[in-house]
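Have the viewer open and follow along.

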Amino acid sequence: MTATISDFRSDTVTKPTPQMRRAMADAEVGDDVYGEDPTVRRLEEATAELLGTEAALFVPTGSMGNQIALRLHARPGTEVILEGRSHVFHYEMAAMSALSGLLPRPVEGERGVLTPEAVAPWIRPESVYYLPRTALLVAENTHNVAGGTVWPRAALDRLLELSRARSIPVHLDGARLWNAAAAQGVPEASLAAGFSSVMVCYSKGLRAPVGSAVCGGKAFVAEAWRVRKLFGGGMRQVGVLAAAALVALRSERSRLPEDHARARRLAGSLAGLPGLAVDPARVETNMVMVGLDERLGEASAFLPRLKAEGVLAGSMGPRLLRLVTHADVGDADVDRAARAFETLTS
């Protein structure tokens, strides 16, 4: 096994930058449960300004941010319409049901993008009293399982138009909204506009060690503060973490196109190899999805062989791999990954 490892499992495996570590060591802190941490306040204000929302609340994880929003928008026993492969549905431990008594209504999207034509038939009619009410729509941008798909603004507008017509709030899981904005060359606020609430992650793509935010109107965030405490997310001198996230916001977003370019280069290198299904045209941000044919076996068996060649990747299905580019993998790592796949498919 090679001593050098190129880690493409996720953009969450990055290490904090030296600037982040210095900011963490020097952070001005207070007790955030009392609302007295000045560094947290600065982060929340900067995030809200960036997204064009009235307020923001710092939370430990993106999953908690999403679940706070779902709890506030929907009553127990109501339905939440979401894309069938969304993070909220697949990777949050059925929290919407366990914590808030909500029923997910998965709907198939087009590469992760929900269309009004797919959503509208599942909005429950008020005239039928014995059906659960539709309480919330959820969009994910970029869409993880679809391969980092970016929602076109026109697609967002069509979903928001439907939500307004039916008086249903819409939550945006924007864990990687930074990537969507970078890919389209637009401000994050332009992609957050119109949503009832937005969640963003500082630890995905931006190299912060931990932390997310749930954003929306002032009244929404005031209630989110209470639910965060209910869910165990009240934190004390947490400015040491918020300081790193502030550095991430200010210095890391402009670097994301480099990750996207490396993902496209990696996809181009893998596309012609025997036994692999890779479509470079579908690489919109920092994710490359790699299908395996029967000759190469299942992902669970292929990944250890890939690791032996010095490359770590993730599994998204029995015969589907995901490779994610980020700040801690450079051109040499892309080349190593290409050579590893070439060796294993020859």
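Predicted model: local features only at pLDDT ≥ 70, side-chain atom pairs only at ≥ 80, totals over all residues.

Helix α2 runs over residues 38-51.

Which residues of α2 are buried? They are Thr39, Val40, Leu43, Glu44, Thr47, Ala48 and Leu51. These residues cover an arc of only 165° around the axis, which means that they sit on the same side of α2. The background is simple: an α-helix has 3.6 residues a turn, so residues three or four places apart point the same way. On the face turned away from this buried side, α2 carries the exposed residues Glu45 and Glu49.

| Element | Residues |
|---|---|
| β2 | 55-59 |
| α8 | 177-184 |
| α9 | 188-192 |
| β7 | 197-201 |
| β8 | 212-216 |
| α11 | 239-251 |

Both ends of α2 are worth a look. At its start, a side-chain oxygen of Asp37 comes to within 3.1 Å of the backbone nitrogen of Thr39. After α2 comes Gly52, with a positive phi near 75°.

Now to the strand residue. Ala277 belongs to strand β9, residues 276-277. Is Ala277 buried or exposed? Its relative accessible area is 52%, so Ala277 counts as exposed, the cut-off being over 50%. Leaving aside residues up to four places away in sequence, Ala277 touches Met289, Val290 and Gly291. Gly291 is 14 residues from Ala277 along the chain, yet their C-alpha atoms are separated by 4.6 Å.

Conventions:
Residues numbered from 1 in each chain as written. Heavy atoms only, no water. Helix = DSSP H or I, 4+ residues; strand = E, 2+ residues; numbered from the N terminus. Expected span 1.5 Å × (residues − 1). Buried < 20%, exposed > 50% of the residue type's maximum accessible area, 1.4 Å probe, protein only. Arc of directions from axis to C-beta. Contact = heavy atoms within 4.5 Å. Polar contact = N/O pair within 3.5 Å; in protein donor to acceptor, adjacent residues only side chain to side chain.
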